[in-house]
Amino acid sequence: MSNKITLIPGDGIGPEVVYATKDIIDKSGADIDWEILNAGMCVMDEYNTPLPDGVIYSIKKNKVALKGPITTPVGTGFRSVNVALRQELNLYANIRPIKSYEGINSLHKNVDFIIVRENTEDLYAGIEHKVCDEACESIKIITKKASDRIVKFAFELAKKENRKKVTATHKANIMKLSDGLFLKCAKDIAKDYDIDFEDVIVDAMSMKLVMNPQNYDIVVAPNLYGDILSDMSAGLIGGLGMAPGANIGDNIAVFEPVHGSAPDIAGKNLANPISCILTGVMMLKYIGKDDAALRIESALQKVFKQKDKLTKDLGGLLGTKEFAQAVIENM
């Protein structure tokens with residue numbers, strides 16, 4: 001796989017956490033050739049769109065991108081750049097590792113599971129319309145093709161990661177057709193693998209993850225449930241600042257931290273870059289640079305155990321740049 005990677009700094013704290021991650025990766029020996037392009041609010045005046053064609057072209061050419069958070073207006077304005085990228089590039093699998101680390105204050109210890117979320121349909125397809133002044137309607141799309149594809153991805157990931165169990169989550173007791181189709185696809189695909197399989201209704205799944213997250217390896221879910229469970233699960237390990245993420249298709253992948261752009265603290269050297277750094281680790285593993293990935297993750301684990309070396313949101317004393325430097329010093 002090529003060493004050329006598209007780098008999209010993003011909005012708000014995006015450039016701070018992305019360039020901190022870039023510095024660490026550059027010092028890890030990974031030998032990445034970065035192609036830096038902008039997207040988001042910062043290019044609206046110039047291109048009249050948050051997602052210029054050149055960004056899409058670069059990702060299609062390089063096959064891999066590392067992207068910072070991009071601000072999405074609430075209720076008005078342009079649709080999510082993240083959603084547009086996922087649909088344009090057919091990034092059908094959203095991968096969210098949920099892992100606790102020694103030294104990081106969290107609700108649970110010894111947590112290590114992965115949420116695999118379908119990324120292209122469900123309510124997030126954005127098919128909605130106004131019925132009248134007092135009612136709107138959104139259409140939930142669940143297809144056999146997308147359901148088979150995401151469940152197979154989850155089982156293949158379980159094989160690759162030597163995970164023992166795949167859990168499909170749904171609401172087929174109520175939405176018997178749409179979620180029923182997803183569940184049937186999951187059960188059918190499970191027959192092809194020598195891996196434990198179970199299905200859990202999504203509201204019960206929420207409770208089970210909060211109470212006993214150690215019981216899970218791979219959780220596969222339709223788009224909306226996967227989104228909600230991902231953020232909730234991040235709360236079990238210290239918050240969104242500890243949760244990396246990736247959007248993966250058949251031959252293209254975009255890696256991005258899961259938190260927002262936090263414009264209120266942008267430019268103040270306050271942002272926690274851990275989510276983005278761990279996302280960079282995921283990216284390096286994806287392109288086969290496992291040694292560099294392990295070097296960074298080992299350095300992070302050393303820093304986590306030094307309370308004063310954490311960022312302020314985690315009870316430490318360091319800013320974004322200083323934290324990145326501490327990771328580099330521990331590599």
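Student: How many bridges join strand 1 to strand 3 (residues 64-67)?

Tutor: In this predicted model, local features need pLDDT of at least 70, side-chain atom pairs count only at pLDDT 80 or more, and totals for chains, interfaces and linings use all residues. Residues are numbered from 1 along each chain as its sequence is written, and side-chain values use heavy atoms, with hydrogens and water left out. Helices (H or I, at least four residues) and strands (E, at least two) are DSSP runs numbered from the N terminus, and two strands pair if DSSP finds at least two bridges between them. Strand 1 and strand 3 run parallel, and the number of bridges joining them is 3.

Student: Which residue of strand 2 stands opposite Lys-4?

Tutor: Strand 2 (residues 33-36) runs parallel to strand 1, to which 4 bridges join it. Within strand 2, the residue opposite Lys-4 is Asp-33.

Student: How many of the 5 residues of strand 1 are buried?

Tutor: Buried means under 20% relative accessible area, with a 1.4 Å probe and protein chains only. Strand 1 (residues 4-8) is mostly covered, and its buried residues number 4.

Definitions and conventions: Buried means under 20% relative accessible area, exposed over 50%, partly exposed in between (1.4 Å probe, protein chains only).
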